[in-house]
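Could you walk me through this structure in my viewer, one selection at a time? I would like to know what to pick next and what is there.

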Amino acid sequence: MPKIPHRLYLTEDQMPTQWYNLRADMPEQPDPLLNPGTMKPLTEEDLYPIFCKELAHQEMDSETRWIDIPEGIMEEYRIYRPSPLIRAYNLEQTLDTPAKIYYKYEGNNTSGSHKLNSAIAQAFYAKQQGLTGLTTETGAGQWGTALSEACAFYGLDLQVYMVKCSYEQKPFRKAVMGVFDANVTPSPSPTTEVGRKILAEFPESTGSLGCAISEAVEKAVSSNNYRYVLGSVLNQVLLHQSIIGLEAKAAMDILGEYPDIVIGCAGGGSNLGGLIAPYMRDKLTGKANPQIFAVEPASCPSFTRGKYAYDFCDTGKVTPLAKMYTLGHGFMPAANHAGGLRYHGMSPILSKLYHDGYMDAVSVKQLEIFEAATLFAKKETILPAPESAHAICQTIKEAVKCRETGEAKTILFGLTGTGYFDMTAYDAFKNGTMVNHIPSDEELAAGFASLPQIG
């Protein structure tokens, strides 16, 4: 029997009771959000028509390092948290590597992913404010599923705009959202002005997160006593997701371990930002210097081929502008993109950290993602979400490097959730119909052409 257990769960009294605000330790802050009407820096009050007041405050707070988690949220967290830290012994053996591989597993809840951590918080604050309902977008469906579950907890109506190609590829995600009484609409749709405009210009559009965000925001601001919520990118979301990294670090401290390498998948940044939060704090404060990897799809390469610029967070140009790594709000991922992580931009916090050299970014192709996922499933018994498989793919590469160099590094990666609603993609991989798509420079140039000209 190994000395270190396969799985380590913190006890309830060891759970973090505060979220960590990474911005409080950043030597330079991300550039401010801009009002889309005036192109001037946003105030907290500017966000009140879109977000709950407390969430607007969290979005703009760059000074409070530790924020207490309300007991009402802790009550719901305790249903499925703490989540386990797992040692991937079988994967290590298969790779014949001296590396020690750990992963933080966030799939042990009904929604099947880490997204529930922020969904509960956002729904809680909406209920506390006395709102009737919420609107949101979802890509692969993890966020929509999590938020529908959270809204059911608190008795809130939920309107979800789901990227059309995912709506068609993943009908069971829609079905689960329906179990929790959410209304799900494929996006772009004829139900909103921005949806009708997009369909008029691109009748065969399979959608994008940017499109779905535009529709959800329009629905929120045109509906009485509703607000919009987002499952990634935003400062507030990275704040809520910090519980992932805080739990992981507490568990590794118990084991006397510290990662040399921390790896997370990157779409908008929620899981990556949450996992790396305490380790990035150590890096920023000079306590330690782990290598941090953001892993993104080659078909939607915001970090590795995007531009660091101000851009709209949605296709319809109704949201605030953020300084971030972006492919342009007009970018549309290829219809055969099956691995999630399809947002055109990246969290302003993570974009700033990457721009300033505090972490690395790599892109991986779709076929190698699913190859890594199937190997992991066979050896570790969990079928991973395709998003998580990006991190698994890079973890395998780093472990193989350790085998070649003889270095016994400790690797930590984030397993964001399960892939049981992604069987269409897994089936395509297994039957050989899945293909890689890497956008050409010309394709990316079309997205960059949509970037606003900010002086």
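The tour below goes from the sheet to a helix packed on it, and then to the cavities.

Please keep in mind along the way that this is a predicted model.

**Stop 1: the sheet.** Begin by colouring the strands of the open sheet, 7 in number, which run in the order E1-E4-E5-E15-E10-E11-E14. Their pairing is mixed. Now select residues 7-8 (strand E1) and 360-364 (strand E14): these two stand at the edges. Each has a single partner strand, so one side of each is left without a neighbour in the sheet.

**Stop 2: a parallel pair.** Next, select residues 261-265 for strand E10 and 291-297 for strand E11. The two pair in the parallel sense, over 5 bridges. To find your place in the pair, show Ile261 and look across to Gln291 of E11, which stands opposite.

**Stop 3**

**Stop 4: the largest cavity.** A search of the whole structure turns up 2 cavities of 30 Å³ or more. The largest cavity holds about 370 Å³ of space. To centre your view on it, select Lys115, Leu209, Ser232, Gly268 and Leu341, the closest to its centre of the 28 lining residues. H11 gives the most, with 3 residues. What classes of residue make up the lining of the largest cavity? There are 14 polar, 10 nonpolar and 4 charged residues.

**Stop 5: the second largest cavity.** The volume here is about 70 Å³. Select Tyr20, Asn21, Leu22 and Arg23 together with Asn235, Leu238, Leu239, Ser242, Gly273, Ala277 and Ile349 to show the lining of the second largest cavity. H10 and H11 are the elements that give two or more residues to this lining. With 4 residues, H10 gives the most. By class, the lining of the second largest cavity divides into 6 nonpolar, 4 polar and 1 charged.

Methods. Residues numbered from 1 in each chain as written. Predicted model: local features only at pLDDT ≥ 70, side-chain atom pairs only at ≥ 80, totals over all residues. Heavy atoms only, no water. Pairing = 2+ DSSP bridges. 1 Å grid on protein atoms, 1.4 Å probe; cavity = no way out; pocket = protein on both sides within 12 Å on 5 of 7 lines; lining within 4 Å. Points joined across faces, edges and corners; volume = space filled by probe spheres on them. Nonpolar A, V, L, I, M, F, W, Y, C, P; charged D, E, K, R; others polar.
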